[in-house]
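Please keep the sequence and the model at hand while reading.

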Amino acid sequence: MSPTPEQPHPVTVEERLFSLVLALIATQIGLTKADILSTVQGYRQRFRVGGDNASLERQFERDKDDIRELGIPLETIESPDDPGSNHHLRYRIPKGLYDLPADIAFSPDEIMLLKLAAAVWREGSLSAESRRALTKLNSLGIDSSDPVIGYAPSLRAREASFEPLGKAMDRGQVVAFLYLKPGESAPRRRVIAPLAVVLHEGRWHLYGADQDAGATRTFLLARIVGPVVTVPGRTIAPAEDGQGERALAELDALWQAQVALITVEPGSDAAVRLSKRGEPGPAEDSVELHYTDVNILADELAGYGPEVYVLSPSTLIDAVLDRLRRVRDSHAPLPETPLPRPEAAR
Amino acid sequence: MTAAKPAAFGASDKLTFLLSLVPFLMDHDRVSVTAVADHFGVAPERVRDAVNLIAMSGVPGETRQYLHGDLFDIQWDEFETNDNIVLTHLVAIDDSPRFSAREAAALIAGLQYLSALPENGDRDAIATLMAKLTRSSTGAPSQLAVSHTDADVAISVIQAAVRAGTQVEFDYLNARGTDEHRCVDPLRIQSVDSDWYLRGWCHLREAMRTFRLDRMSNLRSTDVPADSHDDGVVLPDTLFQGSADDLTVTIELPAAALELLADYGPVPHGPAAAEGLSRAEVRVSHFHGLKRLVSGLAGVVTVVDPGAARQTVADWAAAGAARYEAAAQGEPAAGAPN
């Protein structure tokens, strides 16, 4: 313990971050790391003049990242006398880029809509993002008009891959993950530069440049198994705007182009639900269903068991039959009862 | 309305609150702690903590000593005696912070989702709002997009009934395959991604129930006033609640595939005999939902125990396969096992 002349009142994380933001906005020419560590509240208490400040420096690096994550434009300026030197780098937050543009205003109706949009995210990392966005929106002091009652639309992004993919997109990083392709039973490693994450037909998809295939590919987030890791040293230039729209347009075109014809057992779950989603087919009890991926549709239709009978295309017939047989055969009675429990009489 | 459960509030949230509170206080000469708490939707104690911190914060200043003039200041008497906030000295910031790219993206994607709903049909208004968000964010909003889908007409019918406070009636096919006529006091229309649900008081069951919109037929609104459920009836946050009658089923699957079953809250149960597979337990209300689930995950999930569950699944898949095999009678089933 080094003796400090000041009363060491414990500085909380938010106080240190707040003080850092204030100090970096207040400076025109920027502060060097040494300035910051020796003078800013929360660092100065732990700074040792002429001593080893390695852990404090690491703290500062983490704090910088955390601040940038919040959308605060923390800039680095190289010294004109000593370019390339880390020692004389200066840090600052340009107030013009920090402040919400002066001509931006939101009406009470817009605030109401934005609150509803934020509330759509109930779980996962995006609920924290939208909560912070709302806090910033509230700082404008605009009261929202009355919300629509009895109404709770929600989007779920509970796939664990959501957050790392979002971060990788923001940072232009290439990622790798294990992907269990629909219709296959063993996952395969993919190396992807993520371009967009889109919700289509109720499923989250990743749209990205497949580094091995040299082309863009679409992946289902629900089929990404295991962690998404960044590939060290591999970055891409930030993608141009409109990647999300492009991904959706591709999925829409695919969906339009592919139609399955099925019959549904009258009065069954399949009849009620699939008839609503598709259009009536030529024959009685037949339904035309558009789809994007034959294996995903086959998975879904196999779930309906005998309630659905596929008429076309033949790839879908084969895929559904194959699934039903696999399920049937993998659930054949076990050779010996592994547990002393009576089997149901059959 | 249900009481919002307090989500974990980290340092990033606290910093955002501090940076947002300053410009708000600047625009309000004198404001009570409770008014601020109401506006931001936080507990009054959080506002007091933040004000205390702001009032002691500032910049190092020329002397690098955080002298009085380098700090924010408030009227302490007003604060301590009357619980009012009067900001008297500002430092460094005086405006609302911009959104981060991901914050803007979260709101934009949320708006895209809402735009599918009948009352938000004004696409131009939504587009204007999205453009404002884009201009208000530090970086280009992350590429996050939600496709436009045509909303079920049932949503409008139920929505109107919620507003009018009247009952709706419909035929409902439940997961077991039973079709019944229901009269329901609609309380809330709720969605999870592309699935829509009605939550309300079911007069047939005399209890709160959750109904899938896509399992309803012959939906119509009535003139019958809905009962008041303001008192004592709380809608839980989760759509479905487990019951003591639930059955426990043991399944086998690749450990990595557990996430596919996240909705069913699988409890890992150690490795399986076969290499690369592990076991887990799930709880289901009956085997009819299970057979649909497992048949939709062919080659991934296998039911191990109890035998009756295994048999229900096998019978379901066999009945499905039999329809094709009967049709192909006489022809060799290419590549078919056994």
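## A covered strand in chain A

How many of the 6 residues of strand 10 (residues 259–264) of chain A are buried? The count is 5, and strand 10 of chain A is accordingly described as mostly covered, where buried means under 20% relative accessible area, exposed means over 50% and partly exposed lies in between, with a 1.4 Å probe and protein chains only. Helices (H or I, at least four residues) and strands (E, at least two) are DSSP runs, numbered from the N terminus.

Strand 10 of chain A runs antiparallel to strand 12 (residues 286–290) of chain A, to which 5 bridges join it, and two strands are said to pair if DSSP finds at least two bridges between them. In that pairing Ile262(A) has Val287(A) in strand 12 of chain A as its bridge partner. Strand 10 of chain A is also joined by 4 bridges to strand 13 (residues 308–312) of chain A, again running antiparallel, and here Val264(A) stands opposite Val308(A).

## Basis of the model and its domains

This is a predicted model, in which local features need pLDDT of at least 70 and side-chain atom pairs count only at pLDDT 80 or more, whereas totals for chains, interfaces and linings use all residues. Residues are numbered from 1 along each chain as its sequence is written, chains are lettered from A and ligands numbered from 1 in the order in which they are written, and side-chain values use heavy atoms, with hydrogens and water left out.

Chain A is divided into domain 1 (13–98), domain 2 (102–158), domain 3 (170–242) and domain 4 (258–330), the bounds coming from an automatic or database domain assignment. The C-alpha centres of domain 2 of chain A and domain 3 of chain A are 29 Å apart. For chain B the assignment gives domain 1 (11–89), domain 2 (99–151), domain 3 (153–225) and domain 4 (247–326), and the C-alpha centres of domain 1 of chain B and domain 4 of chain B are separated by 56 Å.

## Strand 6 of chain A and its partners

Strand 6 (residues 188–200) of chain A is mostly covered, with 11 of its 13 residues buried. Strand 5 (residues 173–179) of chain A is joined to strand 6 of chain A by 5 bridges in an antiparallel arrangement, within which Leu178(A) has Arg189(A) as its bridge partner. Strand 6 of chain A also pairs with strand 7 (residues 203–210) of chain A in the antiparallel sense over 8 bridges, and Pro194(A) stands opposite Gly208(A) in strand 7 of chain A.

## Helices packed between the chains

Helix 11 (residues 314–330) of chain A packs against helix 9 (residues 307–327) of chain B at an angle of about 145°, with the axes 8 Å apart; axes are lines fitted to C-alpha atoms, for helices over the stretch in contact, and angles run from 0 to 180 degrees between N-to-C directions.

## Buried loop residues in chain B

Ser100(B) is found in the loop between strand 4 (87–89) and helix 5 (101–114) of chain B, and counts as buried at 3% relative accessibility. Residues up to four places away in sequence aside, Ser100(B) touches residues of both chains, including Glu69(A), Lys136(A) and Thr138(B).

Val86(B), in the loop between strand 3 (84–85) and strand 4 of chain B, is buried with a relative accessible area of 8%. Beyond its neighbours within four places in sequence, Val86(B) is in contact with residues including Asp29(B), Ile74(B) and Glu78(B).

Note on methods. Contact = heavy atoms within 4.5 Å.
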